[in-house]
Amino acid sequence: LARGGGSNLQEIDFSRIFMNDNVAAELISSLVNLPQLRELDLSLNCIAMRGCEALASLLRHPESKLEVLKLGSNNIGDKEIEILAESLSGNTVLTTLALSNCGLDSIHGQDSKRQLLRRCCNSITPKGWAALSNVIRVCNHTLQSATDHISQNSQAVSNKLESTNELRYLLKMNSKEDKNAVAEQKAILIKDIIGIEFDD
């Protein structure tokens with residue numbers, strides 16, 4: 001990948017291999033050489049800050065075509081999600097960001113893998129979801145899903161945390177095709193929330 005191999009790849013699945021954060025960061029950094037990449041599955045690994053910083057760089061790349069990013073069951077917390085959220089401020093391509101955890105029942109194999117899975121689980125609190133909501137409310141009109149579609153036992157993030165009701169509302173708003181209308185609707189929402197008048 002670092003030498004530009006597989007430049008026509010559109011989907012990559014690196015899930016369930018439990019790679020550590022440093023390895024993941026190096027791997028993700030090489031994906032900038034895949035201009036056609038549209039779906040990346042990194043679920044069930046041990047991605048943390050370094051990996052998320054590499055993902056943020058990838059999402060900020062002006063030629064990124066990545067539409068689906070699956071990160072279920074990693075070591076992602078509030079600080080990591082804030083890094084990812086910031087990278088979405090100028091992103092107009094990503095529509096799906098899977099961040100919730102996969103059910104243990106979906107993993108089969110040795111007990112050691114089950115123990116590793118318990119250590120590799122996202123721990124995003126309402127603070128982290130609020131950071132994502134803030135970016136979507138102000139400057140991202142593309143992201144439409146923050147659920148985990150990897151496991152049938154997984155639930156939407158918005159159903160797990162009452163504080164994500166606004167996030168669910170904003171994601172639904174982003175599903176509209178007319179992005180200018182979405183931006184106008186959000187401007188009205190912000191005006192109602194903080195009482196700022198916008199110039200016509």
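**View 1. Phe18 sits in the loop between E1 and H1.** Helices (H or I, at least four residues) and strands (E, at least two) are DSSP runs, numbered from the N terminus. Phe18 counts as buried, at 15% relative accessibility; buried means under 20% relative accessible area, exposed over 50%, and partly exposed in between (1.4 Å probe, protein chains only). Its phi is positive, about 55°, although Phe18 is not a glycine. Arg16 is in the loop between strand E1 (11–13) and H1 too, and has a positive phi near 65°. Arg16 counts as partly exposed, at 38% relative accessibility. For background, most residues other than glycine have a negative phi. Keep in mind that this is a predicted model, where local features need pLDDT of at least 70, side-chain atom pairs count only at pLDDT 80 or more, and totals for chains, interfaces and linings use all residues. Residues are numbered from 1 along each chain as its sequence is written, and side-chain values use heavy atoms, with hydrogens and water left out.

**View 2. The largest nonpolar core has 41 residues.** A nonpolar core here is a set of buried Ala, Val, Leu, Ile, Met, Phe, Trp, Tyr and Cys residues joined through side-chain atoms within 4.5 Å. Leu42, Leu69 and Leu71 have the most contacts inside this core. Helices giving two or more residues to the core include H1 (21–30), H2 (49–60) and H3 (78–87), and H2 gives the most, with five. Zoom in on Leu69 and you find that it touches Leu40, Leu42, Leu55, Leu59, Leu94, Thr96, Leu97 and Ala98, not counting residues up to four places away in sequence. Touching, or contact, means heavy atoms within 4.5 Å.

**View 3. Helix H2 has 12 residues.** From its first C-alpha to its last, H2 reaches 16 Å, close to the 16 Å expected at 1.5 Å a residue; the expected span is 1.5 Å times one less than the number of residues. Buried residues in H2 are Gly51, Cys52, Ala54, Leu55, Ala56, Leu58 and Leu59. Their cover includes H1, strand E2 (39–41), strand E3 (68–70) and H3.

**View 4. H3 and H5 pack at an angle of about 5°, with their axes 8 Å apart.** The axes are lines fitted to C-alpha atoms, for helices over the stretch in contact, and angles run from 0 to 180 degrees between N-to-C directions. The two helices are therefore roughly parallel to each other; angles under 35 degrees count as roughly parallel, over 145 as roughly antiparallel, 65 to 115 as roughly perpendicular and the rest as oblique. On the H3 side, Asp78, Ile81, Glu82, Ala85 and Glu86 meet Lys127, Gly128, Ala131, Leu132 and Val135 in H5.

**View 5. Asn140 lies in the loop between H5 and helix H6 (157–160).** Asn140 is buried, with a relative accessible area of 0%. Its side chain reaches the backbone oxygen of Leu88 at 2.9 Å and that of Asn91 at 3.2 Å. Both are polar contacts, meaning pairs of N or O atoms within 3.5 Å; within protein, one must be able to donate a hydrogen and the other to accept it, and residues adjacent in sequence count only if both atoms are side-chain atoms. Asn140 also touches Val135, Asn174 and Lys186, among others.
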